[in-house]
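Please consult the sequence and the model while reading the points below.

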Amino acid sequence: FVSKKNLIKVKEKDEKKKVIEALKLAGLKPADKKDHLPKDKFTFEAFYKFYKEMLGGRPELEKVFNDIKGTKRNYLTLDQTVEFLNKYQRDPRLNEILFPHHNKDGTKKLIQSYEVDKSKQKIGQLTLEGFTNYLMSPDNLPVNIINLPIFPSMDHP
């Protein structure tokens, strides 16, 4: 068992209520009156849900997402996602032959990887949750992971 008390120690009563509510929303209800959570239910997916519930909304991501999508929908279309990737995520100084612009096919693959709603995946739409998943993913690193070993060590002058 995983003890809820060991999972998070809070002193404020309001914080404790928030933790309990986040655990319920993540499907991590204590198995007994001693507040023990079954280990088999404490998966990474359940923890990630709990983590997202504890964080609450990300207003800065919501603002960017809303600026791109406009007011009519609650998702990004495939064209809007391609435009976002090329306009805001791609460094314009890069060689276009070695680092081509994003296209619809590649963007569809990204959507299928990071969008959680299967119906939206099929039609190439990206919700706020999928958008957030992409921004936190290895596909959105500021430095290409292939180039990391090339950078000089900063341990020596």
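Predicted model: local features only at pLDDT ≥ 70, side-chain atom pairs only at ≥ 80, totals over all residues.

Helix H5 passes helix H8 in a right-handed crossing.

**Contact of H5 with H8**
- Two packed helices are described by the angle between their axes and the distance between the axes.
- For H5 (residues 78-89) and H8 (residues 128-135), the axes come within 14 Å and cross at roughly 35°.
- On the H5 side, the contact involves Phe84, Leu85 and Gln89; on the H8 side, it involves Phe131, Tyr134 and Leu135.
- The residues of this contact comprise five nonpolar and one polar, with no charged residue.

**Aromatic pairs**
- The structure contains five aromatic pairs.
- In one of them, Phe84 and Tyr88 have ring centres 6.0 Å apart and ring planes at 35°, so the pair is classed as tilted; planes count as stacked under 30 degrees and as edge-to-face over 60.
- Phe84 and Tyr88 are four residues apart in helix H5, and therefore about one helical turn separates them.
- Ring pairs join Phe65, Phe84, Tyr88 and Phe131 into a cluster; of these residues, Phe84 and Phe131 also take part in the contact of H5 with H8.

**Accessibility of the Phe84 and Tyr88 pair**
- Phe84 has a relative accessibility of 6% and therefore counts as buried, the cut-off being under 20%.
- Tyr88 has a relative accessible area of 54% and is therefore exposed, the cut-off being over 50%.

Key
Residues numbered from 1 in each chain as written. Heavy atoms only, no water. Axes fitted to C-alpha atoms, helices over the stretch in contact; angles between N-to-C directions. Helix = DSSP H or I, 4+ residues; strand = E, 2+ residues; numbered from the N terminus. Left-handed = near helix turned anticlockwise from the far one by under 90°. Contact = heavy atoms within 4.5 Å. Nonpolar A, V, L, I, M, F, W, Y, C, P; charged D, E, K, R; others polar. Phe/Tyr/Trp six-rings, centres within 6.5 Å; stacked < 30°, edge-to-face > 60°. Buried < 20%, exposed > 50% of the residue type's maximum accessible area, 1.4 Å probe, protein only.
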